[in-house]
Amino acid sequence: MSAARGAAGRALRPAAVCLALCAALLLVSAGCKKHGAQTTTQAAEASATAAPAAAAGPAVDPALNWGGTTPHDRPPQRDPLIEQADAILRKADPGFDRFEVQYVTGDLDRDGRDDVAVEYGIGEDGAMRHVAKSIRVLLARAGGLELQPDQTEKFADCPALREIRDGRLWADGLEACMLPFPRTLAYYQFEWRNGALARVAEETAQERVLSRLQAMRAAVLAGKWTTLDRNLRAGPLPAATDAAADQKPPGKTAAAEPVFADAQRRRAFADAVGLLGHLQLQRLNDHEALASLVKPSGPQAGERRLHIDTAPEDGAVEVDGYTYVVDARASLEWPDGDGVGYHLRWRLIEGDLYLEEAGEHDLDGLER
C-alpha cells in the first residue's frame with residue numbers, strides 16, 4: 001500500500017489568491033517561503049512549543065494554506081516513517097526542504113517493508129521557485145531506513161513522484177521544474193534493481209490515454225463500473241474530499257456524471273474501445289491522432305471514432321477554483337441508433353482521464 005505526503009500534483013490556486021496569501025504572510029514574516037506538506041520535524045516541534053493562539057482566519061489557516069499551491073496539500077500529520085526519513089535527509093542535506101518536498105511510501109524493493117522516495121526542489125537561496133529537483137530513496141532495513149545514492153540521474157525530465165505501488169515507483173516527467181504549469185512529457189514506472197532505480201515502463205500522453213481507456217473498459221466488463229466514478233468528474237478532488245468520496249456506497253460518489261448507469265451505454269463504450277484498440281492510430285499532425293472504424297450495415301451501423309490531441313488549445317482548466325494542466329484531450333464516439341450518436345470527451349489530468357463532456361449528437365455532427 002502506498003501513501004503520498006506533500007504537494008501532490010500541479011494544481012495551483014489562481015494567481016491573485018496566491019499573491020494575496022503571500023502578502024498576508026509578509027506582514028508577519030521577513031519573507032514568504034513555500035514548504036511542502038509533511039516535510040520536517042521542525043513543524044511538529046514548533047507546533048508543540050508555540051503558545052495557544054486565537055483561531056486563524058482563512059488567509060493564514062495552515063489547514064487551508066499548507067504548501068500554498070494545491071488542493072491536495074494538507075497540514076502536517078505525524079508519520080514515524082516520514083519523520084525518520086526527514087531526519088536522515090536533514091543530516092545528508094540540511095537545506096533539502098528550502099523548496100517543496102514530496103514523500104511517497106510503499107514497498108519498493110518487495111521485502112514486505114515500506115520504503116520512502118523523496119522529491120525535493122533545488123535552487124538558490126531567496127529564489128521564489130526551484131530550478132531543478134533531486135530524487136532520493138530510503139530503503140527499510142533491520143536498523144531502520146537507509147539512504148541510498150542519489151537517483152536524480154535516472155530521470156530525463158523534471159521528476160514528479162506519484163506513488164509506490166505493486167513494487168514500483170510511479171512518476172511523471174515534466175517539461176520543466178521552474179514553470180508554474182508544466183506539461184507532462186512522459187509517465188514512468190521504476191523498480192529497484194541492483195541498488196538503483198531501473199526504468200521498466202514509459203508512456204507518452206497518447207499512450208496514457210489509450211491505457212486508461214483500456215483499464216476503464218476492463219472495469220466495465222468486470223462489472224466494476226462504479227469504481228470509475230472518479231473519472232466521471234471534471235477533475236481531481238482534494239485529498240480529504242477524495243477519501244470521503246471513496247467511502248460512499250458504489251454509484252453515490254459526489255459530482256460524478258451517471259454516464260455508465262445505463263447498461264446499454266456501458267456495452268457500447270466497451271465495444272467501441274475494444275474495436276478501436278485494435279487499430280493503428282492515424283497521425284493527423286504532430287499532436288493529433290485518429291482511429292476510426294465504420295460498420296456499413298446492421299443495427300449498430302455507423303462510425304466509431306477516437307480522436308486524441310496531446311496539445312489542446314486550452315492547455316489548462318479551472319475546476320472548483322483550482323487550475324490543472326490538461327496534457328491531452330480525447331474524444332470517443334459511437335453510433336447509438338436511429339441516426340443518433342453518443343460521445344464522451346475526456347481530459348488527461350495528472351495521468352488520469354476526467355470527463356469533460358458527455359451526450360448525444362446527430363450523426364451529421366450536430367449535438368442534440
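Predicted model: local features only at pLDDT ≥ 70, side-chain atom pairs only at ≥ 80, totals over all residues.
1. Overall make-up. The chain contains 368 residues, of which 44% are buried. Its secondary structure consists of seven helices and 17 strands. Among contacts between residues at least 6 apart in sequence, 53% join residues at least 24 apart.

2. Geometry of the α5 and α7 pair. Two packed helices are described by the angle between their axes and the distance between the axes. Helix α5 spans residues 205-221 and helix α7 spans residues 263-276; their axes come within 9 Å and cross at roughly 140°. Since angles over 145 degrees are needed for roughly antiparallel, α5 and α7 are therefore described as oblique to each other. The crossing of α5 past α7 is left-handed.

3. Residues of the helix contact. From α5, the contact draws on Leu213, Gln214, Met216, Arg217, Val220 and Leu221, while α7 supplies Arg266, Phe269, Ala270, Val273 and Gly274. By class, the residues of this contact comprise seven nonpolar, two polar and two charged.

4. Salt bridges around Arg90. Side chains of opposite charge can pair when their charged atoms come close. The structure holds 21 salt bridges, and Arg90 takes part in one with Asp86, where the closest N and O atoms are 3.5 Å apart. Arg90 and Asp86 are separated by about one helical turn because they stand four residues apart in helix α4 (residues 80-92). Arg90 also forms a salt bridge with Asp97, with the closest N and O atoms 3.1 Å apart. As to burial, Arg90 has 19% relative accessibility and so counts as buried; the cut-off for that class is under 20%. Asp97 is buried at 8% relative accessibility, and Asp86 is buried as well.

5. The pair Arg110 and Glu191. The side chains of Arg110 and Glu191 meet in a salt bridge, with an N to O distance of 3.5 Å. This pair links distant parts of the chain, 81 residues apart: Arg110 belongs to the loop between β2 (101-106) and β3 (115-122), and Glu191 to strand β8 (residues 184-193).

6. Positive phi values. Which backbone angle deserves attention at Arg110? The phi of Arg110 is positive, at about 60°, although Arg110 is not a glycine. As noted above, Arg110 sits in the loop between β2 and β3. Asp320 likewise has a positive phi, near 55°, in a residue other than glycine. Asp320 occupies the loop between β13 (316-319) and β14 (322-325) and has 65% relative accessibility, so Asp320 counts as exposed.

7. Beyond its neighbours within four places in sequence, Ser331 contacts Arg305, Leu306, His307, Leu344 and Arg345. Ser331 and Leu344 lie 13 residues apart in sequence, with a C-alpha to C-alpha distance of 5.8 Å.

8. Tyr342 in strand β16. Tyr342 is located in strand β16 (residues 340-349) and is buried, with a relative accessible area of 5%. Which residues does Tyr342 touch, not counting those up to four places away in sequence? They are Val259, Arg265, Leu332, Glu333, Trp334, Asp336, Ala358, Gly359, Glu360 and His361. For Ala358, 16 residues from Tyr342 along the chain, the C-alpha atoms of the two residues are separated by 7.5 Å.

Technical notes
Residues numbered from 1 in each chain as written. Heavy atoms only, no water. Axes fitted to C-alpha atoms, helices over the stretch in contact; angles between N-to-C directions. Helix = DSSP H or I, 4+ residues; strand = E, 2+ residues; numbered from the N terminus. Parallel < 35°, antiparallel > 145°, perpendicular 65-115°, else oblique. Left-handed = near helix turned anticlockwise from the far one by under 90°. Contact = heavy atoms within 4.5 Å. Nonpolar A, V, L, I, M, F, W, Y, C, P; charged D, E, K, R; others polar. Salt bridge = Lys/Arg side-chain N within 4 Å of Asp/Glu carboxyl O. Buried < 20%, exposed > 50% of the residue type's maximum accessible area, 1.4 Å probe, protein only.
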